[in-house]
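Here is a short briefing to read beside the model.

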Amino acid sequence: MRINWKKTIIITLDFAIGIYLVFAFTKLNKPDESNLICTKVNINIQDEMTNGFLDAKEIKKRLKAKKIYPLEKPLNKISTRHIEETLMQSPFVKSAECYKTQDGLVDINLTQRMPIVRIKSINNEDYYVDDHYQIMPNTKYTSDMIIATGYINKWYAQKYVSLLSKALMTNELWRNQIEQINVLQDKGIELVPRVGNHVVYLGNLPEANAVEKREKDIQDFVNRKMSRLENFYKYGLSKAGWNKYSYINLEFDNQIICKKHNSNS
């Protein structure tokens, strides 16, 4: 087989010229960051008004403390990765994205972790559990969420109490009505409502090793118990009065046991 060297050389030269042109075009169109200064920093925090853990002022303060706040710095000296990694060290940051533009703008976009219950246990521990069942430290956050009290360690908070709170919060009625979960020493569950001078007893939560099964079992448990409570509210307390009973026991599926206030006995 005879090789056409002339044709091969032409193809090779064409290829090399093509590579050079692509490189030159990219180089010419890429701004020289050494001559550009960051003139503006945008800090965008998703759900800032609803979650409330983070605000732009706090993020700015954190970056300044690390001496990496980008304003008035040369763009080629700004490491977006370093900014992202620094912000991800916060226990309240779920994701962080930072990028810079040719006109001197640095954009910082954050999403926050979503708390679903606040734990205030009998041993004076005070923290949050998020929607991925991870511990979040106590903070200035004062959102109107369910508080869980009583005999709760962190394992039980993550495995069970958080799932119970999440199941309650998926229902608009109970999200507005239930303000407190109380865990008794035998792990029996009490609920304290916002409206009505009474405590609701649910019994013990179903146990399971697998997360998916545990989530489903607790959701079914809540649906079953709270559906009966809703009917009792509609057809019982609406006639008898919201303050007639001090304790409503839903432990057994075939009956509701109520204890009257002493003044009404």
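Two strands pair if DSSP finds at least two bridges between them. Helices (H or I, at least four residues) and strands (E, at least two) are DSSP runs, numbered from the N terminus. This is a predicted model: local features need pLDDT of at least 70, side-chain atom pairs count only at pLDDT 80 or more, and totals for chains, interfaces and linings use all residues. Residues are numbered from 1 along each chain as its sequence is written, and side-chain values use heavy atoms, with hydrogens and water left out.

- Strand 5 spans residues 126-130. Four of its five residues are buried (under 20% relative accessible area; exposed is over 50%, partly exposed in between; 1.4 Å probe, protein chains only). Strand 5 is therefore largely enclosed by the rest of the structure.
- Strand 4 (residues 115-121) pairs with strand 5 in the antiparallel sense, over five bridges. Across this pairing, Ile119 stands opposite Tyr127 of strand 5.
- Strands 4 and 5 form a hairpin, with four residues between them. In that turn, Asn124 has a positive phi of about 70 degrees.
- Strand 5 also pairs with strand 6 (residues 135-137), again antiparallel, over three bridges. Here Val129 has Ile135 in strand 6 as its bridge partner.
- Strands 5 and 6 form a hairpin too, with four residues between them. Tyr133 in this turn has a positive phi of about 65 degrees.

- Side chains of opposite charge can pair when their charged atoms come close.
- The structure holds 10 salt bridges. The term means a side-chain nitrogen of Lys or Arg within 4 Å of a carboxyl oxygen of Asp or Glu.
- Lys213 bridges to Asp217, with the closest N and O atoms 3.0 Å apart. Both residues lie in helix 7 (residues 211-240), four residues apart, or about one turn of the helix.
- Asp217 is buried, at 18%.
- Lys216 bridges to Asp220, the closest N and O atoms being 2.8 Å apart. These two are four residues apart in helix 7, so about one helical turn separates them.
- Lys216 has 52% relative accessibility, so it counts as exposed. Asp220 has 31%, so it counts as partly exposed.

**A salt bridge between distant parts of the chain**

- Arg224 and Asp253 meet through their side chains in a salt bridge, 3.5 Å from N to O. The pair links distant parts of the chain, 29 residues apart. Arg224 is in helix 7, while Asp253 is in the loop between strand 11 (245-249) and strand 12 (257-260).
- Arg224 has a relative accessible area of 38%, so it is partly exposed. Asp253 is partly exposed as well, at 47%.
- Salt bridges that share partners join Arg224, Lys225, Arg228 and Asp253 into one network.

**Around Val192**

- Val192 is found in strand 9 (residues 188-193).
- Which residues does Val192 touch, not counting those up to four places away in sequence? They are Gln177, Ile178, Glu179 and Gln180. Contact means heavy atoms within 4.5 Å.
- Val192 and Ile147 are 45 residues apart along the chain. Their C-alpha atoms are separated by 9.8 Å.
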